[in-house]
Amino acid sequence: MSDHAAEATQSSRQTAPTAMAFIADPETEGLVRRAFADLGVSDVQVTRGGVESATQTLARQKSPRLLLVDVSGAADPLARVNELADACEPEIRVVVIGEKNDIRLFKELRSAGVSEYFFKPVALDTLKRVCNALLNGERADAPSAAGVGKLVFVLGVRGGVGATTVAVNAAMRLATKGQRWVMLLDLDLESGDSALKLGVNPTDALREALDRPERVDKLFLERGVLHVRERLDLLAGLDPFGAAPPREDAVIALIDKLLQRYRFVFVDLPPALAPRMSRLMSMPGATVLVSSASLASARDLMRWRAWLGPNSPERRTAHVLNLSGAEGALPKDEFIRAAGAPPDVIIPWDRVIAADATFGAEAARKSAALDRGLAPLLRELAGEGVAKKRSILRRLFG
């Protein structure tokens, strides 16, 4: 992507309204309109429809601060709300309106992150009080319907195995095809290869955020990140050679803030940096180890697995075998014997993927081999795995 195209993407990012409502019946719709009018909220969009309409709409645009959504008539309201959460940014507040006075449903929706549940007919004063509180931060401890994002470390077991290619293309496909809000954080501050592959120039924003994490707020993130696709943002830098590596506490503070704003935060983590950041690597999330099919990769893969430790409910590891079948690579069976376990994902060597190094991610987007290789990983990340096949990746992300 050219600088001009990147600037166009930056400027075209839609500004969300303060509030949106999707209401199924005219009586409740009129009450909702009156509530926002009484509160003086003019920047509101009220649409006749329900939770499915809300999901379809918010899959295509930025999320408002407050969303009212009607689940009347939905066969499984909780499942529909969880689908809606995947389409929204994590910091959104959601009020659900339904037709059932069901304490079990209320508790399930609250556990899923919904701020409040009303059954019809809705009391105007109560609705106004709750909306006013949520919009003005008076209930800052109220859960977010989307919860916090998922953290995914992408770590090459050694240099040159294509970890950045995997990180960039997985993040880009999840944002463009999966319609998820994704942040790609490139912690290799001396190379900025992710920015190079995505056709944008690194900025000083990442170094500033790591040097002064207390200054990172919503405005900083809106202005400092690179909006490389409609739902894909990037933080990448290009420090002088020999610059001090980032502090672990600053990286953790930054990631904590990113997880509040994005459904997925991919961290492209250099193998030289990871061993210095054991607390970071212990954060809840997933680590995707990327290797080639060389004997050295098999050896280092075993060392990384031992260092990361066994899987737990909060922290899991998967292995992506990249460049399988490339010249000089071990045959798959020999590599599996050397590595001690089969890979979870195999990406074959492909001439189009190799062009990624020269022509960037736009070239790799045309690779059917990369699409097929990343598909199971992306399905599991997005919660779309096939239940009949309880794979290692299902256990990893499920």
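Trainee: Leaving aside its neighbours within four places in sequence, which residues is Ala205 in contact with?
Mentor: Happy to start there, and do keep in mind that this is a predicted model. Ala205 lies in helix α9, residues 205-211. Apart from neighbours within four places in sequence, its contacts are Phe220, Gly224 and Leu235.

Trainee: How far apart in space are Ala205 and Leu235, C-alpha to C-alpha?
Mentor: Leu235 is among the contacts of Ala205. Along the sequence the two are 30 residues apart. From C-alpha to C-alpha, the distance between Ala205 and Leu235 is 7.4 Å.

Trainee: Is Ala205 buried or exposed?
Mentor: The cut-off for buried is under 20% relative accessible area. Ala205 has a relative accessibility of 9%, so this residue counts as buried.

Trainee: Let's move to a loop. Is Ser63 buried or exposed?
Mentor: Ser63 sits in the loop between α3 (51-58) and β3 (66-70). Leaving aside neighbours within four places in sequence, Ser63 is in contact with residues including Ala16, Cys88 and Trp181. Because its relative accessible area is 9%, Ser63 is buried.

Trainee: Which residue caps the N-terminal end of helix α5?
Mentor: Helix α5 covers residues 103-111. Look for a side-chain oxygen 2.9 Å from the backbone nitrogen of Arg104. That oxygen belongs to Asp102.

Trainee: And which residue takes a positive phi just after α5?
Mentor: Here you can go to the stretch just after the helix and check the backbone. The phi there is about 110°, and the residue is Gly113.

Trainee: At roughly what angle do the axes of α13 and α14 cross?
Mentor: Two packed helices are described by the angle between their axes and the distance between the axes. Helix α13 spans residues 295-308 and helix α14 spans residues 332-339, and their axes come within 8 Å. The crossing is right-handed. Its angle is roughly 35°.

Trainee: How many residues of the contact of α13 with α14 are nonpolar?
Mentor: From α13 come Leu295, Ser297, Ala298, Leu301, Met302 and Arg305, which meet Phe335, Ala338 and Ala339 in α14. One residue of this contact is polar and one is charged, while the number of nonpolar residues is seven.

Trainee: What separates the C-alpha atoms of Ser297 and Val157?
Mentor: Ser297 lies in helix α13, and this residue counts as buried because its relative accessibility is 0%. Leaving aside neighbours within four places in sequence, its contacts include Val157, Arg158 and Phe335. Ser297 and Val157 are 140 residues apart along the chain, yet their C-alpha atoms are separated by 6.5 Å.

Note on methods: Residues are numbered from 1 along each chain as its sequence is written. This is a predicted model: local features need pLDDT of at least 70, side-chain atom pairs count only at pLDDT 80 or more; totals for chains, interfaces and linings use all residues. Side-chain values use heavy atoms; hydrogens and water are left out. A polar contact is a pair of N or O atoms within 3.5 Å; within protein, one must be able to donate a hydrogen and the other to accept it, and residues adjacent in sequence count only if both atoms are side-chain atoms. Helices (H or I, at least four residues) and strands (E, at least two) are DSSP runs, numbered from the N terminus. Axes are lines fitted to C-alpha atoms, for helices over the stretch in contact, and angles run from 0 to 180 degrees between N-to-C directions. A crossing is left-handed if the near helix is turned anticlockwise from the far one by less than a right angle, and right-handed if clockwise. Contact means heavy atoms within 4.5 Å. Ala, Val, Leu, Ile, Met, Phe, Trp, Tyr, Cys and Pro count as nonpolar, Asp, Glu, Lys and Arg as charged, and the others, Gly among them, as polar. Buried means under 20% relative accessible area, exposed over 50%, partly exposed in between (1.4 Å probe, protein chains only).
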